[in-house]
Amino acid sequence: MEDMSKVRRMMEDIESIMAIVRDSSESISGIGKAEELLIGIRNTYEDFTRNYLDFREIADNLYDGIYISNGKGDTLFINDAYVNTTGIRKEEVIGRNVGDIEKEGKLFRGSVTMQVIKSKKMVNSLGTIVRQNKEVLVTGRPIFDENGDIKLVVINNRDISDLKELETKVARLQVEGKMSNEEIRFLRQKQLTDKKGIFADRCMTDLIRLVDTVAPTDTTVLITGESGTGKEVIADRIYANSNRSEKPFIKVNCSAIPAELVESELFGYEAGAFTDASKQGKIGLFELAKDGTILLDEIGDMPLSIQSKLLRVLQQKEFIRVGGKKTIKIDVRVIASTNKDLKAAVKENRFREDLYYRLNVVPVLIPPLRERAEDLKALIAEFIDVNNRKYRKEVSLTPGAMKILHGYAWPGNIRELENFIERMVVITRKERIDIRDVSRMLGIEKSSDESDSLYDGIDLKEAVHNLEKEMIAAAIRKYGSTRKASEHLGIDQSTIVKKCKKIGLDLNKL
Ligand SMILES: Nc1ncnc2c1ncn2[C@@H]1O[C@H](COP(=O)(O)OP(=O)(O)OP(=O)(O)O)[C@@H](O)[C@H]1O
């Protein structure tokens, strides 16, 4: 660029000399020719300056570091980016041989200049900037002269710290993703094994046979039954035995979502669909259940306005997000459940008839617990066992107490029974729960002929055993020691201790 400025200054000098000569004598013919020549030179100069590309300026503005050496490996040039990314100053390398610098090992390692010179080919490698202990991606290319000898070696240094950071982030995300998948698999598995359910009654074993038959098909199932009868347990069983058990299972309680949000929760919305909508839009529960199963619990509470959209999903397997235009295809198995009388809702125009029939492909009607005597018996035994283990107790029921539980209507069905037994095991201070305890806990009056129920349904030996155990336990509890209790019961202290052992009374638990 310095040379170019010199040329421009020289032209300006010639122009001013010619102007002086022209002023003194217009007729000097040689001046005209010299002027034409000068115009020609100026045009060429302007063309040149217009097209001239300043190599250094360009090189210094490149993002990558550039390192140029001659065919022997002597350093000729490094650009600003190289200085900035490596911390190596120009005076440390210019004029020095790359091989020597490399041997010294103070500035960089893994330079490819000497390899390029040797192989006469492009070389890619990972190098290290020693001072910063930074890894760089190095690419070296040879430039040949007309004899095929290497004239220059151009090295491109790319700082890969950002790339490395990105790589670490991706690796971390991959690990997190793997862990999340493991967790999902674990939770799915847990959900499946934890809720096997007890089905001892004939009506339920028949029902379970039907459920197990339809589970592997993709049929829509409508489960009805009073609250707490086990509709969700059945839905879980269908999912577990279906071909979609490795895919998502999304449970939606339709009655828990405010009516105005049901549509966007189920089908999602596009960005800016409504005032409070999130900027990115939102994926709906149907999309979350993609290729899996969705349980629409309390389907009877589904607003009428949404029912037609749901029908379209069931029939055409497609829907449109709120505020969207694009039709989204979806493959989801639908299980619906309700404790409401859907037929009555249809009659009262609160539920679409076509949707009702579309859902009711396979109806599963779960009877209330009061009609499942065998289940009740098995469930009581199971819940007592579970809670005894949970609270480290050995609670049991007298036959009379059992009779009361069987006579009770259980309006809250299995959920009520489950909670009742847990409460009973937790709060009781006795091991044997009798009719009076159960009645009190259930909040029902016991009739006078049931008052002696401690002995109901058992023989004399067991009745005596029970009475003895009850009396000894009560006395120890009341008087605080076996010595005082024995005084009040009119027997020796050693007899009380022996009896406690025999009848299995743990003094520490009293
Ligand atoms: N057959 C069964 N064996 C063991 N436990 C059961 C059985 N059926 C239901 N349960 C238990 O009873 C409780 C209620 O069951 P579930 O939630 O399935 O009833 P639901 O009919 O769906 O109730 P809701 O209508 O209120 O939603 C749960 O804790 C469940 O584990």
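## Close-up views of a predicted model

View 1. When neighbours within four places in sequence are left aside, the contacts of Lys 151 are Gly 71, Ile 143, Phe 144 and Asp 145. Lys 151 also lies 8.6 Å from Lys 72, C-alpha to C-alpha, although 79 residues separate the two in sequence.

View 2. Glu 15 is part of helix α1, which comprises residues 2-24, and it counts as exposed because it has 12 C-beta neighbours inside 10 Å. Between the C-alpha atoms of Glu 15 and Glu 35, which are 20 residues apart along the chain, the separation is 8.1 Å.

**View 3. The largest nonpolar core and the surroundings of Ile 294.** The largest nonpolar core holds 36 residues, of which Ile 223, Ile 294, Leu 296 and Ile 335 touch the most other members. At least two residues of this core are supplied by each of β7 (221-224), α10 (231-240), β8 (249-253), α11 (262-267), β9 (293-297), β12 (333-338), α14 (342-347) and α15 (353-359). The largest share, four residues, comes from α10. For Ile 294, leaving aside its neighbours within four places in sequence, the residues in contact are Ile 250, Val 252, Leu 285, Phe 286, Ala 289, Val 332 and Val 334. Another core, of 19 residues, lies apart from the largest one and has Leu 376, Ile 384, Val 425 and Ile 435 among its members.

**View 4. Helix α17 and what covers it.** Within helix α17, residues 399-407, the buried positions are Gly 400, Ala 401, Met 402, Ile 404 and Leu 405.

**View 5. Helix α20 against helix α21.** Helix α20 (residues 460-479) packs on helix α21 (residues 482-489) at an angle of about 120°, and their axes are 8 Å apart. The two helices are therefore oblique to each other, and α20 passes α21 in a right-handed crossing. On the α20 side the contact is made by Met 471, Ile 472, Ala 475, Ile 476 and Tyr 479, which meet Thr 482, Lys 484, Ala 485, His 488 and Leu 489 of α21. Sorted by class, this contact of α20 with α21 has seven nonpolar, two polar and one charged residues.

**View 6. Helix α21 against helix α22.** α21 packs on helix α22 (residues 493-503) at an angle of about 105°, with their axes 8 Å apart, which means that α21 is roughly perpendicular to α22. Here Thr 482, Arg 483, Ala 485 and Ser 486 of α21 meet Gln 493, Ile 496 and Val 497 of α22. By class, the contact of α21 with α22 has three nonpolar, three polar and one charged residues.

**View 7. The chain as a whole.** The secondary structure of the chain amounts to 22 helices and 15 strands, and of its 510 residues, 24% count as buried. Among contacts between residues at least 6 apart in sequence, 61% join residues at least 24 apart.

Note on methods: Residues are numbered from 1 along each chain as its sequence is written. This is a predicted model: local features need pLDDT of at least 70, side-chain atom pairs count only at pLDDT 80 or more; totals for chains, interfaces and linings use all residues. A residue is buried if 20 or more other C-beta atoms lie within 10 Å of its own, exposed if 12 or fewer, and partly exposed in between; C-beta atoms are placed from the backbone. Axes are lines fitted to C-alpha atoms, for helices over the stretch in contact, and angles run from 0 to 180 degrees between N-to-C directions. Angles under 35 degrees count as roughly parallel, over 145 as roughly antiparallel, 65 to 115 as roughly perpendicular and the rest as oblique. A crossing is left-handed if the near helix is turned anticlockwise from the far one by less than a right angle, and right-handed if clockwise. Two residues are in contact if their C-beta atoms, placed from the backbone, lie within 7 Å. Ala, Val, Leu, Ile, Met, Phe, Trp, Tyr, Cys and Pro count as nonpolar, Asp, Glu, Lys and Arg as charged, and the others, Gly among them, as polar. A nonpolar core is a set of buried Ala, Val, Leu, Ile, Met, Phe, Trp, Tyr and Cys residues joined through C-beta atoms within 7 Å.
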